[in-house]
Amino acid sequence: MTCSSVQVQPYLLEALEEKFTLHKLDTTTEPDKAARFLRTHRDSIRAVVGTAFVGADAELIDQLPNLEIVSSYSVGVDKIDLAKCKEKGIRVTNCPDVSTDDVADLALGLMLAVSRRLCPIDRYVRSGLWSKLGDYKLTTKQFSGKTVGIIGPGNIGMAIAKRAEAFGCPISYFSRSQKPACINYNYCPTVVDLAANCDILVVACALTPDTRHIINRDVIDALGPEGVLVNIGRGPHVDEAELVSALLEGRLGGAGLDVFQDEPNVPEELFKLDNVVLMPHVGSATVEARKAMADLVVGNLEAHFLNKPLLTPVV
Ligand SMILES: O=CC(=O)O
């Protein structure tokens, strides 16, 4: 088995080491070392453990002739070449449901933090400016009662909607078709329509070729100078260059971002903006969720090698 050791907690590594023969591929190392690693272990590897950051692309899959399963320590499977796995009969599993509450909590945290400027105000107090200059400038906006627009009313999107409702926020949503579970929410047939009719727009859908750059210039313009974008999905959902220029030019009111186009690189122009909150892709990063995810990764592998039904199959 191989496992990308970046972002994997010791609990998971220990469980994998206890039950399987584990080879750790450090994807941050020089390409030569990774190539040597694969040449040495290619024939013995029957399973890959991926993450939200490093999965199994066509190139890796092609180098592993005996690969049977990719068990991803993530909800999203956008870093795995699913078509290739299907074609080769390689099983794929992920970790759905167990981090839904945590990701939704973070989305609400970002909405509140951007609206109420929690991060710059915290910095203001820490740097001693409160006692020197007096109150922080009155720039914060009310969050309660604002219309929240959700792209992708799946498990995470619905958990965000439920939380926002408790703040008195009307909910609108976009998906390819109207959802019976969203009977109390306002359906918008296009993302531009949704952006034009909400105050805070949240990306909560899976990343697929169809949803890449679902947030483009037209959507940003429709959201407008008072609007806030929250992204707890994936960086490539957003045309990041357009987002950065809209924020710098004041064409967008603010953004709460947990994910970026080229992680861990974040556009430095954003660092100086008080209307932007930046997180290092930590939506599911709670001790509780990550333990449950680790248990699912191991449980899926055990099920596979015991010829039992997979716990959370994707392919
Ligand atoms: O981004 C995190 C995940 O997909 O679990």
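The structure holds 1 cavity of 30 Å³ or more, where a cavity is, on a 1 Å grid over the protein atoms alone, a set of points at which a 1.4 Å probe fits but cannot get out. This is a predicted model, in which local features need pLDDT of at least 70 and side-chain atom pairs count only at pLDDT 80 or more, while totals for chains, interfaces and linings use all residues. Residues are numbered from 1 along each chain as its sequence is written, and side-chain values use heavy atoms, with hydrogens and water left out.

**The cavity**
- About 50 Å³ of space lies in the largest cavity, a volume being the space filled by probe spheres set on grid points that are joined across faces, edges and corners.
- The largest cavity is lined by Asn231, Gly235, Val238, Glu240, Leu243, Leu257, Val259, Phe260 and Gln261, lining residues being those with an atom within 4 Å of a point.
- By class, this lining has 5 nonpolar, 3 polar and 1 charged residues, where Ala, Val, Leu, Ile, Met, Phe, Trp, Tyr, Cys and Pro count as nonpolar, Asp, Glu, Lys and Arg as charged, and the others, Gly among them, as polar.

**The largest pocket**
- The largest pocket has a volume of about 1,100 Å³, a pocket being an open set of points with protein on both sides within 12 Å along at least five of seven lines.
- Of the 47 residues that line the largest pocket, the closest to its centre are Val75, Ala204, Cys205, Ala206 and Leu207.
- Helix H5 (100–115), helix H8 (155–166) and helix H12 (287–305) are the elements that give two or more residues to this lining, helices (H or I, at least four residues) and strands (E, at least two) being DSSP runs numbered from the N terminus.
- The lining of the largest pocket has 23 nonpolar, 16 polar and 8 charged residues.

**The ligand**
- The space taken by the ligand is the largest pocket, in the sense that more than half of the atoms of the molecule lie within 2 Å of the grid points.
- Around the ligand are Ala52, Ser74, Val75, Gly76, Arg234, His281 and Met293, each with a heavy atom within 4 Å of the molecule.
- Polar contacts (pairs of N or O atoms within 3.5 Å) to oxygen of the ligand include one at 2.7 Å from a backbone N or O atom of Val75, one at 2.8 Å from a polar backbone atom of Gly76, and one at 2.7 Å from an N or O atom in the side chain of Arg234.
- The protein covers 87% of the 190 Å² of accessible area that the ligand has on its own, with areas from the Shrake-Rupley method and a 1.4 Å probe.

**Backbone features**
- Most residues other than glycine have a negative phi, and most peptide bonds are trans.
- A cis peptide bond, with omega of about 5°, joins Glu263 and Pro264, and Pro264 is placed in the loop between strand E11 (254–257) and strand E12 (276–278).
- Asp97, which is not a glycine, has a positive phi of about 75° and is found in the loop between strand E5 (91–93) and H5.

Notes: A polar contact is a pair of N or O atoms within 3.5 Å; within protein, one must be able to donate a hydrogen and the other to accept it, and residues adjacent in sequence count only if both atoms are side-chain atoms.
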